[in-house]
Amino acid sequence: MATGTDQVVGMGLVGFSLLLFTYYTVWVIVLPFVDSDHVIHKYFLPREYSVILPGVAALVLVLCIGTFIGVVTWKNWKPKKVD
């Protein structure tokens with residue numbers, strides 16, 4: 001069973017993910033239909049970053065997963081016995 005601290009951290013991560021998803025959805029889907037001189041545009045980065053940032057995040061994720069697999073494989077490697 002999860003402790004109170006685990007539940008608070010989990011709810012914080014869920015809340016952060018929901019906030020990030022909402023921000024990105026408004027930025028990518030809603031903002032192109034809003035006039036460019038509207039005040040809401042000052043709260044968002046330029047549209048080019050809507051492609052660049054997820055690409056960089058995906059690259060970092062793949063590198064971390066590859067590093068993890070490499071470290072686990074290296075630690076579990078055992079030399080073959082020579083008869």
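Guide: Tyr-23, Tyr-24, Trp-27 and Phe-44 are linked into a cluster by ring pairs. The model is predicted, with residues numbered from 1 along each chain as its sequence is written, and local features need pLDDT of at least 70, side-chain atom pairs count only at pLDDT 80 or more, and totals for chains, interfaces and linings use all residues. Side-chain values use heavy atoms, leaving out hydrogens and water.

Visitor: Why is the pair of Tyr-23 and Trp-27 called tilted?

Guide: The centres of Tyr-23 and Trp-27 are 6.0 Å apart, so the rings pair, and the 45 degrees between their planes falls into neither the stacked nor the edge-to-face class. Both residues lie in helix 1 (residues 4-30), four residues apart, about one turn of the helix. Helices here are DSSP runs of H or I with at least four residues, strands are E runs of at least two, and numbering starts from the N terminus.

Visitor: Why is the pair of Tyr-24 and Trp-27 called edge-to-face?

Guide: Tyr-24 and Trp-27 are 5.8 Å apart centre to centre, and their planes stand at 90 degrees, so the pair counts as edge-to-face. They too lie in helix 1, three residues apart, about one turn.

Visitor: Is Trp-27 buried or exposed, and how do you know?

Guide: Trp-27 has 4% relative accessibility and therefore counts as buried (under 20% relative accessible area; exposed is over 50% and partly exposed in between, with a 1.4 Å probe and protein chains only). Tyr-23, at 34%, is therefore partly exposed, and Tyr-24, at 33%, is therefore partly exposed as well.

Visitor: Where does Pro-32 lie, and what does Pro-32 touch?

Guide: Pro-32 sits in the loop between helix 1 and helix 2 (49-76). Not counting residues up to four places away in sequence, Pro-32 touches Trp-27 and Arg-47, where contact means heavy atoms within 4.5 Å. Pro-32 and Arg-47 are 15 residues apart in sequence and 8.8 Å apart in space, C-alpha to C-alpha. With 35% relative accessibility, Pro-32 therefore counts as partly exposed.

Visitor: What radius of gyration does the protein chain have, against that of a compact globule?

Guide: The protein chain has 21 Å, whereas a compact globule of 83 residues would have a value near 12 Å. The radius is taken over C-alpha atoms, and the globule rule is 2.2 Å times the number of residues to the power 0.38. Of the 83 residues, 5% count as buried.

Technical notes:
Rings of Phe, Tyr and Trp (its six-membered ring) pair if their centres lie within 6.5 Å; planes under 30 degrees apart count as stacked, over 60 as edge-to-face and the rest as tilted.
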